[in-house]
Amino acid sequence: MIKIARLFALTILALCTEGSQAWAQTTNIISDDFTGSTTNLPWTHLGNACLTAGSPPPYATPATTIPACTSITDPAGSGALRLTDAVNHQHGAIFSVNPFPSNEGLQVTFTAYAYGGTGADGIGFYLLDGTKPAPTSIGAVGGSLGYSCTNDPTNVNASQTGGWEGMPNAYLGLGIDEYGNYSNPSDNTNTGPGFIANRVSMRGAGNMTYSVLNALYPDDYPANLPLYSTTTARTQQNAINKTCKTNTVWDFSDGTPSNTLTPLQSNLDYGYIAGSPILNASGQTIKIAQTNVSVRSKATPINYQLIITTSGLLNLAYSVNGSSYTPIIQNKPITTDNGPLPAYLRFGFGASTGGLNDVHEITCFEASPAVRAISAPVTPLSISSSSLIYTLNSNPNPIQGFVQAFPVSSTGVPSTTASWDAGALMSVPGNNRATVLYSTDASGAAPKLLATMGSTDSAAFSLTPTTCVPNTNTIAQYTIDPNYLGNGSSCSYLAGRAPNWLLGAFSSSDFASILAPPSNPLDLGLAGYTAFAASQSKRPNALLFTNNDGFLYSVDAASGQLNWGWMPRPFVAQLQNYSVVPTEGLFDGKFRIVDAVDASGNWGTYIIGSARSVTVSSTKVVTVGQGGSYWYDMKLGNPSNGAVPMPAAVIQAPVVPQGSTYPQRQAPVVGNINGSQIAAFIVNVGSGTSAYSALYEFNVATGASTSATIPSKSISGVVSSNLFLDTASGQLYFGDSSGNIYVMSFTGQAATDVGNIGTLGATKDGLAVNFINYQYANNLPYLLAASSKGLTTFGIGSSGFGPLWATDGSGGYQYNKGVWGASSTVASLQAGATVSDAPALVAGIVDIPVYVPPSSSNTCNVAGKGYYDFFSLASGTFTKNQIKDVLGNFILADVNIGAGAAYSPSMSISSSGLPVFGGTQQTATPSAPLVFNKHGIDAVVQWRVH
């Protein structure tokens, strides 16, 4: 007998059956709304910056270094960060104390107000080199917007020391320019298109301070030069003005300053990058400042969104008064002229006035990584200091997919630095995509290399030739490498993808799982399984994942190197539509990895799952169906000597009616029936009153299948939930669109099983059931049914299953003598929350991922927030003294895990307990898990293939 190491309780199976991923408390999303008496984040301030609702000294806790404004007092919660009053020649700024890592790109949003003055000058948002100390001076007043240096000797406020210098250690300055001089080389620096009012512009890196010039050119800029004078030309102010204007070195060593004509070292003078006016829907310029109003409540808020991708492409967009975002700058490669992104960035806000003025204010700042997660991290079954956990993230614009591996410390904390990125490895010159990307021939009996498939199986492409797609070889070339230019530079096949990046983006309907050597305890008693598992025990672990580019990929789980990519044959015909393929989500669905035996007793490993169908006419591809309308069953080969299992054959999966959808994004459930591995799934067909649900069951190894329509009299409406298999009893559970819960047999014969449907009960809210889960605790079974608004829990009694407790965003409830009543002991979900993913069951604890959208009164919470809400499975109370952080502290409340919708967590096992990882849409980097107690795991043993 081989050693089977992956034996876990039904508790673990209940969490992992539907492929739940992982979670993480996020530390890389920061925000500050500036509306209160203090700030959320530590900031330093210079000049006139103040909080309009700020506390006077001594400052409240947590302490802020931004003082209270003396010119205005707002109620706490209704304030703003004020950078200037409506006073000439002012400037003010704040800078973040804590640097922000740039390795995952950056997305920043904030809201700006300008009003109440005579129309100048504007607001700046700054990115500074976070590896350097925070500035002790601001950039120049007037058109420099507190960022760049000024070359206008009259534009100066002598009372503000250094009011003509530029921002030190600056990398990027976004200028919201009311008056028009931020882009004017006659006012600041020596670059730009000229005076343009109501324009948002970008300036690049700079460090134009006198101390820097003295350090670089001590003979030309002597240290003893006076700061400012009206009687002599030999001043620091004049040196900055002239150097800023020409971007050349000036000699101030004697009585007559002179231009040496020597160019300054690079990135000193805040070079102009790009800009665009803010327009309304009809193309008319929008006034950035409302000079005709005197209070913020009557001014127009303008939201700005700045994204810098990991490849250094900058995107800038704006939103006026809550409208959708409009692009200003798209995919600008800022690193080309501006230099690489610093490893850490410091944020800053500033504003300035000159000969004219306005009130300048900021609210609603948020910064997060540019990449977006499609799930919480993928974790192995057991965690130790040698483990890796995996994240799948995307840049939406330009399109890039990232698959990163993070090592875990001995205490279970993931590193903040990835060991590798499979997307980057796939994109290096000389990659192996041409030799490992496959599809399948018409019979499904053998894989076909995509690179040669055009000549051996041109029918698969169903090609309608065009100028840019003249033949199947071109399709193969740009699929292997979207940067392909074989038909001339006029044909670009990137279709929104980043140049020199090959892996497409991920959607929330993509999926990943770890393929390990066979070790299913449920199969141990079946003939031939032990020998099969022994023969495959040395094959390396692989990470399998689907991608929006239409491939199911396998990469080495230790190194990230690409093993292979496989595209279902029906997808191949869609490749000629290169402009839309990267965004169609052909692989929307989930898959399951299954060991199965065929009729001849031969064991193998299979990948079975759901995707989207492609309809092909006689001339071209015309439609792409919904998720669940295509199902696949691919067999992997049985390699020897520890080799990688490769695609071997495609088994005929059930063909569902055109237009079918799965009720919930799921893979088939799989059970052992009479020694064979049978998969089952449900799809919904049609719409409205004619819609119905159908059950499909098929033999994983042979493809033999049965199907049957679920009688309309048996359920109310259509199936709306995932299908859940309790392997202990061999029964299937599901819910319908009216909140009812059902159970049926699982025999391998669909007609028999739909004839054995029984009703278990109804949820409290009567809404469509989205998620079903089933678990034993203290040797008693419990059933959970979650809708979009709440969860109902059922327990077993003398007369069968019955409702016990329920929860939603309004409160907790208990069921007593046929009536639901409010409960003071059952915990409630977050107020206003929706259930955003499948609840997880961990050692008798229910973990519900929820999403709280931004309220109309909280305009700063633009992404909403994700939480994990915890309940005792038996009672519905909040769990106490059962969940710890990695430092051993008990979790005393539900956990806010960051911005965006929360994903279903997944669990591993470690020496210290059950570490649970998870995350939200905006959690791109994993962080420390929560650790659940091991107690409560029942004796019934199940398994998880990972």
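What is the mean pLDDT of the chain, and what percentage of its residues reach 70 or more? I began there, as this is a predicted model. The mean pLDDT is 87, and 92% of the residues reach 70 or more.

**Entry: helix α3**

I looked up how covered helix α3 is. It spans residues 236-246, and eight of its eleven residues are buried. I listed the buried ones as Q236, Q237, N238, A239, I240, N241, T243 and C244. I then checked what these buried residues pack against, and found α2 (210-216) and β12 (248-251). After α3 comes N247, and I noted that its phi is positive, near 60 degrees.

**Entry: helix α8**

Seven of its nine residues are buried, so the helix is largely enclosed by the rest of the structure. The buried residues are T472, T474, I475, A476, Y478, T479 and I480. I looked for what covers them and found, among others, α6 (433-436), β24 (437-440) and α7 (450-456). At the start of α8, I found a side-chain oxygen of N471 that reaches to within 3.2 Å of the backbone nitrogen of N473.

**Entry: sheet with β20**

I traced an open sheet of four strands, in the order β20-β21-β22-β23, with antiparallel pairing. Which strands stand at the edges? They are β20 (372-373) and β23 (420-421); each has a single partner strand, so one side of each is left without a neighbour in the sheet. I followed β20 to β21 (residues 388-396) and found that two bridges join these antiparallel strands. In this pairing, A373 stands opposite N393 in β21.

**Entry: sheet with β52**

I traced another open sheet of four strands, ordered β52-β56-β55-β54, and its pairing is antiparallel. Its edge strands are β52 (883-884) and β54 (906-907), each pairing on one side only. β54 is joined by two bridges to β55 (residues 914-917), and the two run antiparallel. I noted M907 opposite V916 in β55.

**Entry: residue N896**

Is N896 buried, exposed or partly exposed? Its relative accessibility is 37%, so N896 counts as partly exposed. Setting aside neighbours within four places in sequence, N896 is in contact with K865, G866 and Y867. The side chain of N896 reaches the backbone nitrogen of G898 at 3.0 Å. I also checked N896 against Y851: they are 45 residues apart in sequence, and C-alpha to C-alpha they are 9.8 Å apart in space.

Methods
Residues are numbered from 1 along each chain as its sequence is written. This is a predicted model: local features need pLDDT of at least 70, side-chain atom pairs count only at pLDDT 80 or more; totals for chains, interfaces and linings use all residues. Side-chain values use heavy atoms; hydrogens and water are left out. Buried means under 20% relative accessible area, exposed over 50%, partly exposed in between (1.4 Å probe, protein chains only). Contact means heavy atoms within 4.5 Å. A polar contact is a pair of N or O atoms within 3.5 Å; within protein, one must be able to donate a hydrogen and the other to accept it, and residues adjacent in sequence count only if both atoms are side-chain atoms. pLDDT is the predictor's confidence in each residue, from 0 to 100. Two strands pair if DSSP finds at least two bridges between them.
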